[in-house]
Amino acid sequence: MSTYAAPIRDMKFAVKELVGLDDIAGLPGCEDLTPDVVDAVLEEAGKFATGVLDPLNRPGDTAGAKFSNNVVTTAPGFADAFKQFSQGGWTGLNCDPQYGGQGLPHIISAQTSEMWNSANMSFCLCPMLTAGVVASLMRHGSDAQKATYLPNLVSGKWTGTMNLTEPQAGSDLSAVRARAVPEGDHFRIHGTKIFITWGEHDMAENIIHMVLARTPEAPEGVKGISLFVVPKFLVGADSSLGKRNDVKCVSIEHKLGIHGSPTCVMAYGDADGAIGYLVGEENRGLEYMFTMMNFARLEVGIEGVAIAERAYQHALDYARSRVQGREIGVKNGERVSIIHHPDVRRMLMSMKAQTEAMRALATLASAHLDKALLHPDKTERAGNQAMFDLLTPVVKGWCTEQSIEIASTGVQIHGGMGFVEETGAAQYLRDARITTIYEGTTGIQANDLVGRKVAYEKGVTIKLVLGEMRAFDAELGKVGHPGLAVIRRSLAEGVAALSEATDWLLATFPDNMKAASAGAVPFLKLFGTVAGGWQMARAALIAKNRLDENSEDYDFYRAKIGTARFYAEHILPLAAAYKQEIVHGSSSVLALEEAQF
Ligand SMILES: Cc1cc2nc3c(=O)[nH]c(=O)nc-3n(C[C@H](O)[C@H](O)[C@H](O)COP(=O)(O)OP(=O)(O)OC[C@H]3O[C@@H](n4cnc5c(N)ncnc54)[C@H](O)[C@@H]3O)c2cc1C
């Protein structure tokens, strides 16, 4: 079993050089974000991930969370690790200092989240959802709700959950049926929620559930859903714990992966009705929940990056030690470890190159989120919000889809030992599998991308992105470097494919939504592939400039150019195939409609 080592050098590169720390450190509230602070936070987080969370990953998978009599007992070591995690201040990393948080921007928490997820994705889901509850209460909660819940959520004394799904309401939340009946200053909640991550556990004193439900006179559909805070233990005005609320876990799921994370069926109001408090205005619940969901979508995209990185490290470790075959092309050569075989090297490079591209894209999206939240200029905030909105389904959908492929390549590198559980490679593939399903499946992300984020706004934001890509192409054109010339050619072809597919989509969507929808997932993958290639090309140019300046970090920058070139030659050419699949959308819709199943 390999030991996880956080890829701190590449993370620092993404934060400081690719996105640019100055941009973020200039935002109000981020003045203390010096390069030294970034280094210190990443180094400490890396130590925690390696020393505390990684060793619990495999035991968490084998022991799993246990359920008995409405009580969930977490895997051995999890509760203690969560205590250490909270005491270290990690739960409140990007929360408002007013409520005890550290106020660090998302470009930093994106890196620490990647570390926690690489080391132990099951564990990480608990603080991730808690941070989502904090974000949603910060934006939509009343002052009293903020004062009552936020300090203990931020400190990790309590944790939070997100309760959307019901048996008949999965991707389509307009079908939510949970009821909220008014009673004085609160509501009584009744209904069943399924698949609730960390809905019940033994790691914290209280659990704060954010629940979607309908009030008695609410209209049908998504416009009749409200959001409620429902604590497991009722909370006094001074935040002291009162009696147990009428909400309980009635079972947990037996799953393909993330065994350490309890996935709970929650029953609300079996007795008198669970006491819940309305957040914001009635019937605007789904809109509020989107604050939490968009944050969670970025985080799940980062889970994809994290699992890909972990699977890569694990496969690399194995490839170095597994001796099999002889060096190709060498007569009577020595037996060698498999890392010497070109095909194994190809697989390792495809894992590494895609993971670095995904990290770069997730960091870029996080920077847009920071600027959308903190920039003093209203127009800048709006522009960055539009960019973040556009990139969110891409980071969520593309990084997670790729993570499954990358984890599967990791299994392949292990040969037969990848298929047996003891090596641990299989766990990464099993854990990765959920990431394209929860927080909106890839199909739902893709519909969101082509519909709300591209077609409805007539391509305004995506055309800005395409413009940035073309401006960068012109910059690359001025550089006389053979490796970068290869990268430039491939990126230009990718950008042309994305541009053509965008034009097709904008022309097709208004009259033939089915055709546009048939091409939605390929469009999402096309966007991710080209945007990832763009970031890798930018990375290669930065690396070349550093080498020209005789940087001491010669190995890192040289490797970066090599990895970007591999991406350009092996991954970017997929763009042409995706484009073909998209523009054939009209004919494929016919085939899909006539398909006999
Ligand atoms: C381990 C786990 C943890 C979870 N954690 C939580 C949680 O904490 N809180 C919570 O509320 N929920 C949670 N969920 C629920 C999760 O978000 C849903 O499973 C997910 O949104 C998909 O809904 P569904 O399972 O009902 O699938 P369905 O909606 O039935 O979808 C089935 C298939 O149909 C496709 N499909 C459906 N509608 C469309 C459409 N309009 N266009 C194109 N394709 C479509 C989907 O892409 C999918 O491939 C969790 C689920 C799991 C398995």
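The sections below describe a predicted model, beginning with the ligand site.

## Where the ligand sits

The space that the ligand takes up is the largest pocket, and the shell around the ligand consists of 19 residues, of which T165, S171, F195, T197 and T441 are the closest. Among the secondary-structure elements, β3 (158-163), β5 (186-197) and α12 (442-455) each contribute at least two residues to this shell, while β5 supplies its largest share, namely three residues.

## Polar contacts and cover

On the oxygen side, a polar atom in the side chain of S171 is 2.6 Å from an oxygen atom of the ligand. Taken on its own, the ligand has 970 Å² of accessible area, and the protein covers 62% of this.

## Helix α11

Helix α11, which spans residues 425-432, is mostly covered, with seven of its eight residues buried. These buried residues are A425, A426, Q427, Y428, R430, D431 and A432, so called because each has under 20% relative accessible area.

The cover over the buried residues of α11 is drawn from several helices, including α3 (57-63), α5 (106-140), α7 (285-321), α9 (378-413) and α10 (416-419).

Definitions and conventions:
Residues are numbered from 1 along each chain as its sequence is written. This is a predicted model: local features need pLDDT of at least 70, side-chain atom pairs count only at pLDDT 80 or more; totals for chains, interfaces and linings use all residues. Side-chain values use heavy atoms; hydrogens and water are left out. Buried means under 20% relative accessible area, exposed over 50%, partly exposed in between (1.4 Å probe, protein chains only). Helices (H or I, at least four residues) and strands (E, at least two) are DSSP runs, numbered from the N terminus. Contact means heavy atoms within 4.5 Å. A residue is near a molecule or strand if one of its heavy atoms lies within 4 Å of it. A polar contact is a pair of N or O atoms within 3.5 Å; within protein, one must be able to donate a hydrogen and the other to accept it, and residues adjacent in sequence count only if both atoms are side-chain atoms. Accessible areas come from the Shrake-Rupley method with a 1.4 Å probe; for residues, only the protein chains shown count as cover. On a 1 Å grid over the protein atoms alone, a cavity is a set of points where a 1.4 Å probe fits but cannot get out, and a pocket is an open set with protein on both sides within 12 Å along at least five of seven lines; lining residues have an atom within 4 Å of a point. A molecule sits in a cavity or pocket if more than half of its atoms lie within 2 Å of its grid points.
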